Amino acid sequence: MDKKHIFITGGTSGIGLSLAEAYLKEGHHVGICGRDLSKIPEYMKDQYPFMHAYELDITDRNKVNEIIINFSKGRLDLVIANAGIASFKGNEIPDFDNVFGVINTNVLGVMSTIEASLKVMLPNHHGHIVVMSSVAGEIGLPRVGQYSASKAAVTKYCEALAIDLKKYNITISTILPGFIDTPLTKVNTHYMPFLMSSEKATRLIKKSIDNKKIRYVFPLRMKCLVYVLSIMPRGMYRQLMRLVTPTLA
Ligand SMILES: NC(=O)c1ccc[n+]([C@@H]2O[C@H](COP(=O)([O-])OP(=O)(O)OC[C@H]3O[C@@H](n4cnc5c(N)ncnc54)[C@H](OP(=O)(O)O)[C@@H]3O)[C@@H](O)[C@H]2O)c1
């Protein structure tokens, strides 16, 4: 089997870590990164000789470029721009340190990842970039507007990029999960409709990547709910959200 070169940002926990293990089991060369490598389970370091872990904060544009290009050795088949942070301790009055942090990581960090990937993929006329967005980007969620805004930005950016880069044989995919049980959502105290296990989410995400789906929204019930919320009259949406928001606090 042809061993692919796969780089995953935010591979130290949650969805990124599970995806990394799934590709490592298939024998591919996998690069992962995060700010805290001690979160990677010890057994993975021993078990997978083709795993390369990099300490990297994706808000450092130069370092993202340096590390992804170095890892690739001139070949990159798949990059998953997965690293992201949430802001579920939101309040009505915005905390702008959190707002800037979320935008820096979830938007600019993703742009840097795409920039670095394209430096390798464009000359090769080959590659697949997958961006981990969220259904939260389909609506403006009260208290966590910065998270919604960050995911809306990358979803729309990738929608455009998928068209622009098709003729260069580069596929751009966007994945919009609902609530997945990972360290990111463990801190939530509010009700999370249709919460899915990380294992099941990883299987579904990997299948959509293997099939080169351009846009994948799941679970289906969350996809339907968010679609209805996104097309309903905006006055009705605001009223509904005012009613349910106290339960988010
Ligand atoms: N869980 C959900 O319900 C859900 C739903 C929709 C979308 N998503 C998206 O899915 C992605 C993965 O989330 P998850 O649930 O797996 O969360 P997670 O377990 O908290 O994992 C997030 C990963 O991102 C990394 N990361 C965060 N900031 C970083 C930075 N500045 N530089 C480098 N790495 C950074 C973290 O590593 P370090 O801490 O080591 O830096 C960690 O590996 C995120 O983009 C999230 O927005 C999650």
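Biologist: In which helix is Arg203 found?

Modeller: This is a predicted model, in which local features need pLDDT of at least 70 and side-chain atom pairs count only at pLDDT 80 or more, while totals for chains, interfaces and linings use all residues. Residues are numbered from 1 along each chain as its sequence is written, and side-chain values use heavy atoms, with hydrogens and water left out. Helices (H or I, at least four residues) and strands (E, at least two) are DSSP runs, numbered from the N terminus. The helix that holds Arg203 covers residues 198–210 and is H7.

Biologist: Is Arg203 buried or exposed?

Modeller: Buried means under 20% relative accessible area and exposed over 50%, with partly exposed in between (1.4 Å probe, protein chains only). Arg203 has a relative accessibility of 57%, and therefore counts as exposed.

Biologist: Against which helix do the buried residues of H8 pack?

Modeller: Met222, Val226 and Leu229 are buried in H8. They lie on the same side of H8, because they cover an arc of only 60° around the axis, taken from the directions from the helix axis to the C-beta atoms. The face turned away from this buried side carries the exposed residues Leu220, Arg221, Tyr227 and Ile231. The partner of the buried residues, residues 234–244, is helix H9.

Biologist: Which residues does Ser117 contact, leaving aside its neighbours within four places in sequence?

Modeller: Ser117 is found in helix H4 (residues 96–124). Its relative accessible area is 0%, so Ser117 is buried. Contact means heavy atoms within 4.5 Å. With those neighbours left aside, the residues in contact with Ser117 are Ile68, Leu76, Val79 and Ile129.

Biologist: What is the angle between the planes of Tyr216 and Phe218?

Modeller: Rings of Phe, Tyr and Trp (its six-membered ring) pair if their centres lie within 6.5 Å; planes under 30 degrees apart count as stacked, over 60 as edge-to-face and the rest as tilted. The structure holds four aromatic pairs. Tyr216 and Phe218 form one that is stacked, with 5.0 Å centre to centre and an angle between the planes of 10°.
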